[in-house]
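Please bring the model up on your screens, and we will walk through its pockets and a part of its surface together.

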Amino acid sequence: MKILFIRFSSIGDIVLTTPVIRCVRQQFPDAEIHFLVKESFKPVLVANPHINVIHTLDKDLKETITNLKQEKFDYLIDLHRNLRTMRVKKALDVPSFTFDKLNFKKWLYVNFKWNVMPDKSIVDRYFEGLKALKVKNDGAGLDYFIPEQLKTKQEDIPYGHSVGFVGCVIGGSYFTKKLPVDRWKEFVAHCPYPIILLGGPEDRDDGNLIAAADTAKVYNACGKFNINESADLVKRARVVVSNDTGLMHIAAAFKKPIVSLWGNTTPEMGMFPYYGFNNLNQNVSRLSVMLEVRNLSCRPCSKIGHHQCPKKHFKCMNNISPAQMADNVKAFWKQDAKAQ
């Protein structure tokens, strides 16, 4: 049996598909599992032992489809669900499964602030889409696998951080999903522990500004490590503080305590840190604290993000308390110390 998964992007969204991949592997141990993803996100899956073959989407979708046809798949599992995946499904013409993106409910939530979203992770919605295959969630949460050769070494970080540090993910796909630099500086002042800033090359300048607040305490790793090396730093962190972005989900895969920061997006969209069967109300994870400004009539203003605040005040992030961020980090740090 050959099964093709499709999720083109992005880092966090791909990581959120991993429980489904693992559980399909458990139910169909002899299946040949393939995954179609954008070339730039292939590193996220390259070490996943549950995947046999990774196909990459290049600029020419037609050529990609031609190559996929030669594989003669038995099933297709679409965990992206857009126009391009529809083209792939139509061309391959095999039994396919997908999930409910709840776009109308999201539209009501964003435009009228009517929260009719279900109290569950998008991961659980993925499994609902596979009911016909009778694939069950094993409750083990997300997966992330780092190639051995891409694991970081002790000398890759300052000596003062070697006994423990807080990983702070300062990047984000949109401006309105990122805590401002000044708020990170305030957090640095309140946090008593070593800090490593994580993000891409585009976050390096902001990282330098934040690190300048305390050069001994803060190490700016933004742009110095690739995605798998950054994932390894997340794995090594005692606590992770993160915007709503891909490394947050990687942290959840490693069962790290997470203080997540929510600006124009909200956890109710279903993309909160997922550890297995946790939701937002009935079964809240003890490893997750979600900080957000809940009394703003303009939230959420988008289901993904904006390049600037539509209202110009950006209160959703500016009003998050750095002192509260630090208090939650301290609580997680002490719990970790007791467990060791």
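This is a predicted model: local features need pLDDT of at least 70, side-chain atom pairs count only at pLDDT 80 or more; totals for chains, interfaces and linings use all residues.

By class, 15 nonpolar, 17 polar and ten charged residues make up the lining of the largest pocket, where Ala, Val, Leu, Ile, Met, Phe, Trp, Tyr, Cys and Pro count as nonpolar, Asp, Glu, Lys and Arg as charged, and the others, Gly among them, as polar. Residues are numbered from 1 along each chain as its sequence is written, and side-chain values use heavy atoms, with hydrogens and water left out.

The largest pocket has a volume of about 1200 Å³, a volume being the space filled by probe spheres set on grid points joined across faces, edges and corners. A pocket here is an open set of points on a 1 Å grid over the protein atoms alone, where a 1.4 Å probe fits, with protein on both sides within 12 Å along at least five of seven lines, and lining residues have an atom within 4 Å of a point. Of its 42 lining residues, Ser 10, Gly 12, Asp 13, Ser 173 and Lys 177 are the closest to the centre.

What volume does the second largest pocket have? It is about 220 Å³, and among its 14 lining residues Glu 268, Leu 280, Asn 281, Glu 292 and Arg 294 lie nearest the centre. That lining divides into seven nonpolar, three polar and four charged residues.

Finally, Phe 104 is exposed, with a relative accessible area of 57%, where exposed means over 50% with a 1.4 Å probe and protein chains only.

Notes. Buried means under 20% relative accessible area, exposed over 50%, partly exposed in between (1.4 Å probe, protein chains only).
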